[in-house]
Amino acid sequence: MQKTNEQLVAELTQGDRSAYTIIYNQLFYKIFHFALALVNRQEAEDICADLFTKLWERRAEFDTVNNIESFLMVSVRHACLNYLRGAKRHFEIERDLQKTSEKVVSLERSIEIRSLWKDLIIKKIALLPSQCQRIFRYAYIDGLTNAEIAQLLNISEKTVSNQKIRGVQLLKEIANINLLLIAALLSFLHKL
């Protein structure tokens with residue numbers, strides 16, 4: 001003799017596992033395929049297993065199969081959406097980490113290149129005559145103005161200007177590079 005839905009629910013609320021199995025067999029396929037439409041197979045299986053476990057734990061709260069089915073349908077929908085939100089957040093976090101990692105690598109390369117250029121320029125500046133070298137360091141490494149350098153060295157601003165011009169010309173000869181590159185390197189060095 002086949003049991004009615006009311007009998008099954010009454011037995012379920014009393015903890016009858018056979019009634020639970022019958023209800024499980026009636027509803028699992030529908031709940032599983034709903035989940036499968038939203039998430040991958042493994043996640044759908046996991047979600048359905050969790051929901052039917054919750055059904056067993058909360059069995060005393062239900063009085064009809066329709067209530068059970070509604071509970072399962074609403075719960076599966078929420079569980080799938082929560083999974084998808086979590087997966088999206090995980091993807092966004094991974095994407096942000098990748099972008100940050102790329103920025104760090106780029107920054108490290110930039111710092112390394114700046115360091116190499118700075119070392120090269122400082123080596124070339126060290127080959128300049130002492131007065132020219134000192135003015136060059138004050139101007140392009142320390143960032144002092146011509147007036148500040150002139151006051152510090154007790155010389156005229158015109159002398160500072162001439163020494164800077166002479167330094168660029170000498171660096172051009174020493175390094176065998178063009179004037180535009182020298183200007184770019186000096187500007188770059190000043191930013192370090």
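The accessible surface of this predicted model comes to about 12700 Å², and carbon and sulfur atoms account for 53% of that area. Of the 192 residues in the protein, 27% are buried, where buried means a relative accessible area under 20%.

The overall dimensions give a setting for these surface values. Along its principal axes, the C-alpha trace of the protein spans about 115 × 30 × 20 Å, and its radius of gyration is 39 Å, whereas a compact globule of 192 residues would have a value near 16 Å.

Turning to secondary structure, the protein contains eight helices and zero strands, so that, by the DSSP runs used to define these elements, the pattern read along the sequence is α-α-α-α-α-α-α-α. As for how parts of the chain meet, among the contacts between residues at least 6 apart in sequence, 56% join residues at least 24 apart.

The pLDDT of the protein averages 83, with 90% of the residues scoring at least 70. Confidence is highest in helix α3, which covers residues 41–57 and has a mean of 93, and lowest in helix α8, residues 179–191, where the mean is 59. Where pLDDT is low, predicted coordinates should not be read in detail.

Conventions:
Residues numbered from 1 in each chain as written. Predicted model: local features only at pLDDT ≥ 70, side-chain atom pairs only at ≥ 80, totals over all residues. Heavy atoms only, no water. Helix = DSSP H or I, 4+ residues; strand = E, 2+ residues; numbered from the N terminus. Rg over C-alpha atoms; globule rule 2.2 N^0.38 Å. Buried < 20%, exposed > 50% of the residue type's maximum accessible area, 1.4 Å probe, protein only. Contact = heavy atoms within 4.5 Å. Areas by Shrake-Rupley, 256 points an atom, 1.4 Å probe, with all protein chains shown as cover. pLDDT = per-residue confidence, 0-100.
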